[in-house]
Amino acid sequence: MTDQAEAAAIAETEAATGVSLEEWANQLGLANKAVLTTQEAAEVLRVSERSLRDMMKAGTVPSLRLGRRLFVPVPMLLRSLLEEPKHD
């Protein structure tokens, strides 16, 4: 996703929910973090690290691989949590 598309998606999500991603990140103590380790993300989501990795594999939780390590991008995680669930 381009920076412009990312900014538009964030603005759309904030408008639809009335919640600023920046405010929510501050409340969760994530304002100064670009990415979370899998352990940190699991703590934020209150799930086991194994469950988090399963959600990452299924595409439910956004992830970023750097070498052998997996990270969760904070802006993408917050936006995905605020989006309406998609029902098939």
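Predicted model: local features only at pLDDT ≥ 70, side-chain atom pairs only at ≥ 80, totals over all residues.
User: How many residues are in the largest nonpolar core?
Analyst: That core has 15 residues, and L36, L52, M56, V61 and V72 have the most contacts inside it. A nonpolar core is a set of buried Ala, Val, Leu, Ile, Met, Phe, Trp, Tyr and Cys residues joined through side-chain atoms within 4.5 Å. Buried means under 20% relative accessible area, exposed over 50%, and partly exposed in between (1.4 Å probe, protein chains only).

User: Which element gives the most to this core?
Analyst: Helix α5 does, with four residues. Helices (H or I, at least four residues) and strands (E, at least two) are DSSP runs, numbered from the N terminus.

User: What does V72 touch, leaving aside neighbours within four places in sequence?
Analyst: V72 is in contact with A34, V35, L36, A41, M56, V61, P62 and L77. Contact means heavy atoms within 4.5 Å.

User: Now the helices: at what angle do α3 and α4 pack?
Analyst: The angle is about 100 degrees, and the axes are 9 Å apart. Axes are lines fitted to C-alpha atoms, for helices over the stretch in contact, and angles run from 0 to 180 degrees between N-to-C directions. The two helices, α3 and α4, are therefore roughly perpendicular. Angles of 65 to 115 degrees count as roughly perpendicular, under 35 as roughly parallel, over 145 as roughly antiparallel and the rest as oblique.

User: Which residues make that contact?
Analyst: T38, Q39, A41, A42 and L45 come from α3, and E49, L52, R53 and M56 from α4.

User: Is T38 buried or exposed?
Analyst: T38 is buried, with a relative accessible area of 6%. Its side chain joins that of E49 in a polar contact of 2.6 Å. A polar contact is a pair of N or O atoms within 3.5 Å; within protein, one must be able to donate a hydrogen and the other to accept it, and residues adjacent in sequence count only if both atoms are side-chain atoms.

User: And where is N32?
Analyst: N32 lies in the loop between α2 and β1 (35-37). N32 is exposed, with a relative accessible area of 82%.

Conventions: Residues numbered from 1 in each chain as written. Heavy atoms only, no water.
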